[in-house]
Amino acid sequence: MVMSVGGLVLLASGLCALQVSHVRRVRQDRRRLFEAVGRLFDRVEMHHDGLGFPVLTGSYRGYPIRLEPVVDAVGFRKLPVLWLLVTHSRPLEVDAPVDILLRPDGTEFFSPNGTFIREYADSWRLPGGVRIASPDPDRAPPLSAFEPYRLFFAEPRAKELYVGDGGLRLVWRLSEGDQTQYRTTRRANFGSVRVQPADLQPVLETLAGVGDAFAGQSAGRA
């Protein structure tokens, strides 16, 4: 049976309406990502861009902070991951940066770790491995300085900690894409993701603790 022109127009209109409704629902849902954690910060602002996840900026313990979700769908053989990049900008007495990357697989486009060619000896033996690197390990903080946070780095959702003279950044896994949908459509679907205070607070406390340890004192090696 051949569909009439009018039928085709109605079908196209219906499909268009469904797509518009879907886009609206996705946008509204993603904008609620940080709704439960805004009270943890001062001078909070939300930045929205189309269908993308929002970016939160504000102040934490008197210093600027930025929470930026990043979709990682680079690895062909792995499910997409939604990372949260938490950047705490504050002056630190660090002579050279150091980056701690957990479970490295070579696809971490968001990380500077691969550009730091000099590695520390791995004495932590964490599951999945860890690459600790710096452009100048002799002037960067020693691994022992991070020992108080070793248990935090063993947390499966923790991915990376960067420390430099301008502040710190910690990368945390928020969600993993739906396996069935990704294998059939190659689209990353994370469902309804909400950042919860109980999950975010340890991340913030780790950043604040590491920052306090390197503020106002020499963090380089003697």
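Arg61 is placed in the loop between strand 2 (55-60) and strand 3 (63-72), strands being DSSP runs of E with at least two residues and helices runs of H or I with at least four, both numbered from the N terminus. The structure is a predicted model, in which local features need pLDDT of at least 70 and side-chain atom pairs count only at pLDDT 80 or more, while totals for chains, interfaces and linings use all residues. Residues are numbered from 1 along each chain as its sequence is written, and side-chain values use heavy atoms, with hydrogens and water left out.

**Backbone**

Most residues other than glycine have a negative phi. Arg61, although not a glycine, has a positive phi of about 55°. Arg103, in the loop between strand 5 (98-102) and strand 6 (118-119), has a positive phi near 50°. Accessibility is classed as buried under 20% relative accessible area, exposed over 50% and partly exposed in between, with a 1.4 Å probe and protein chains only.

| Residue | Phi | Relative accessible area |
|---|---|---|
| Arg61 | about 55° | 47%, partly exposed |
| Arg103 | near 50° | 26%, partly exposed |

**Nonpolar cores**

A nonpolar core is a set of buried Ala, Val, Leu, Ile, Met, Phe, Trp, Tyr and Cys residues joined through side-chain atoms within 4.5 Å. The largest such core has 46 residues, of which Phe41, Leu67, Phe146, Phe153, Val163 and Leu200 touch the most other members. Helix 4 (residues 197-214) gives the largest share of this core, seven residues. A separate core of six residues includes Val70, Val81, Phe110 and Val171.

Contact denotes heavy atoms within 4.5 Å. Beyond its neighbours within four places in sequence, Phe153 is in contact with Ile100, Leu102, Trp124, Leu126, Phe146, Ala158 and Leu161. Leu56, in strand 2, is buried, at 0% relative accessible area.

**Second largest pocket**

A pocket is an open set of points on a 1 Å grid over the protein atoms alone where a 1.4 Å probe fits, with protein on both sides within 12 Å along at least five of seven lines; lining residues have an atom within 4 Å of a point. The second largest pocket holds about 190 Å³ of space, a volume being the space filled by probe spheres set on the points. Among its 13 lining residues, Lys78, Val81, Trp83, Asp105 and Lys159 are the closest to the centre. Strand 4 (81-89) and strand 9 (167-176) each supply at least two residues of this lining.
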